[in-house]
Amino acid sequence: MNQFINKNLYGDYGDKEQATGASGTHSTAGEWPLWEVFIRSKAGLDHKHAGSLHAADAQMAIENARDVYTRRMEGVSIWVVESKNIHASDPYEAASMYEPANDKVYRHPTFYNLPDELKHM
Amino acid sequence: MTVHSFQEHFDAKIDNEVMIEPRDWMPDDYRKTLIRQISQHAHSEIVGMLPEGNWITRAPSLRRKAVLLAKVQDEGGHGLYLYSAAETLGITRDEMYDQLHTGKAKYSSIFNYPTLTWADIGAIGWLVDGAAIMNQVPLCRTSYGPYARAMVRVCKEESFHQRQGFEIMMTLANGTDVQKKMAQDALNRWWWPSIMMFGPNDADSPHTAQSMRWRIKRFTNDELRQKFIDVTVEQARLIGLEAPDPDLKWNEERGHYDFGPINWDEFWNVVKGNGPCNKERLDARKKAWEDGAWVRDAALAHSEKRKARKENKEVKAA
């Protein structure tokens, strides 16, 4: 299995350094680091992943994110995180990872059979 | 899991319209096809800035200048969204630039034609961006997640590009005789190259069948081309211009316009590097990259120096 997993290390966000280290064929020397950009579209909402970009430091990453991802007032706040600092769950463990939630329908309000006459609950 | 079951798992996802994400297993050829297509697409956005950038200083009014500047900036942004999407497949930005600069990677042939008059800026927005949109809208549902997300962003922004181009053409077509002639001349020169943007006929397109199977592509080249011709012919007539094709005729039975033969020799010639501006475009890209090297190095050195200074301070404080 390991030999296949190696191919899966290309980071979506994060683990990129590890990925390029594992394959050994890529050179990122001289490239500005990769940053992930999260944007809050308006006050009251969460920051949401918008994409990624290269920048020499955090300040430049924020300025570039402003130019690349908010040209049409898409945001009121920007987070940037260097991609190598993000850790992601393994898609191959998804089955076992999320399986425990499968048989617990009683966590949903619709599981309970209550009389129709009952209001406001 | 064996290779076989990885493949089955992948196929099942594709068949059930489940998106493939970067860390999922995918066949090598799927990855390669995507890298080729997405990076070509990114290169096209970046090289596409050149013919239009040429006219920013000569736009006929402040309004046109501001609009063109915004459009060219958008194209730069689109290139960046796409490069980022390609990077999730394990190729680096520098590798992609290198492929572009050495001619190993292609970009859309349309940008190897010159922009001779202001009307060409109208024709590019209307026809070239119009053809691009026709291609890109179905790509919002392409099977690779990061590519699809990038395309959603691109499509949202692209529609103003086409509308501003059509507005330029409309204004010229309603202008003096000379202006109208200029608009028709631009349409004459950009019509066929725009139609060729959809790529070779399905029968001669080696990648189409596989890309359709993988749901990277949703429509074939010929389907998209026909759709583009059907809507664009009508748009031209609306402003009193005529597409330069004597064989153009509504076919009641098919419910489509019939059109004349496409000069594929010209297409392949431009793809192979013999178009009017291939060398000029590539030289401009290379020069921009090489002239910018000291800026990239300086920014990196500056950030490292600051980091070191900060660490030094922390050590002292401790």
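Leaving aside its neighbours within four places in sequence, which residues is B:Asn112 in contact with? The answer comes after a few words on the model itself.

This is a predicted model, in which local features need pLDDT of at least 70, side-chain atom pairs count only at pLDDT 80 or more, and totals for chains, interfaces and linings use all residues. Residues are numbered from 1 along each chain as its sequence is written, chains are lettered from A and ligands numbered from 1 in the order in which they are written, and side-chain values use heavy atoms, with hydrogens and water left out.

B:Asn112 is found in the loop between helix H5 (93-101) and helix H6 (118-139) of chain B. Helices (H or I, at least four residues) and strands (E, at least two) are DSSP runs, numbered from the N terminus. Beyond neighbours within four places in sequence, B:Asn112 is in contact with B:Tyr107, B:Val270, B:Gly275, B:Pro276, B:Cys277, B:Asn278 and B:Arg281; contact means heavy atoms within 4.5 Å. B:Asn112 counts as buried because its relative accessible area is 2%. Buried means under 20% relative accessible area, exposed means over 50%, and partly exposed lies in between (1.4 Å probe, protein chains only).

Chain A contains four helices and three strands. Along the sequence, the pattern of chain A reads α-α-β-β-α-β-α. Of the 121 residues in chain A, 35% are buried. Take the contacts in chain A between residues at least 6 apart in sequence: 47% of them join residues at least 24 apart. Chain A exposes about 8100 Å², and carbon and sulfur atoms supply 54% of that area. Accessible areas come from the Shrake-Rupley method with a 1.4 Å probe; for residues, only the protein chains shown count as cover.

Two residues of chain A have a backbone angle to look at. A:Met73 sits in the loop between helix H3 (58-69) and strand E3 (77-82). Its phi is near 60°, a positive value in a residue other than glycine. A:Met73 has a relative accessible area of 78%, so it is exposed. A:His120 belongs to the segment after H4 of chain A, and its phi, near 55°, is also positive in a residue other than glycine. With a relative accessible area of 86%, A:His120 is exposed.

A:Met121 lies in the segment after helix H4 (94-98) of chain A. A:Met121 counts as exposed because its relative accessibility is 80%.
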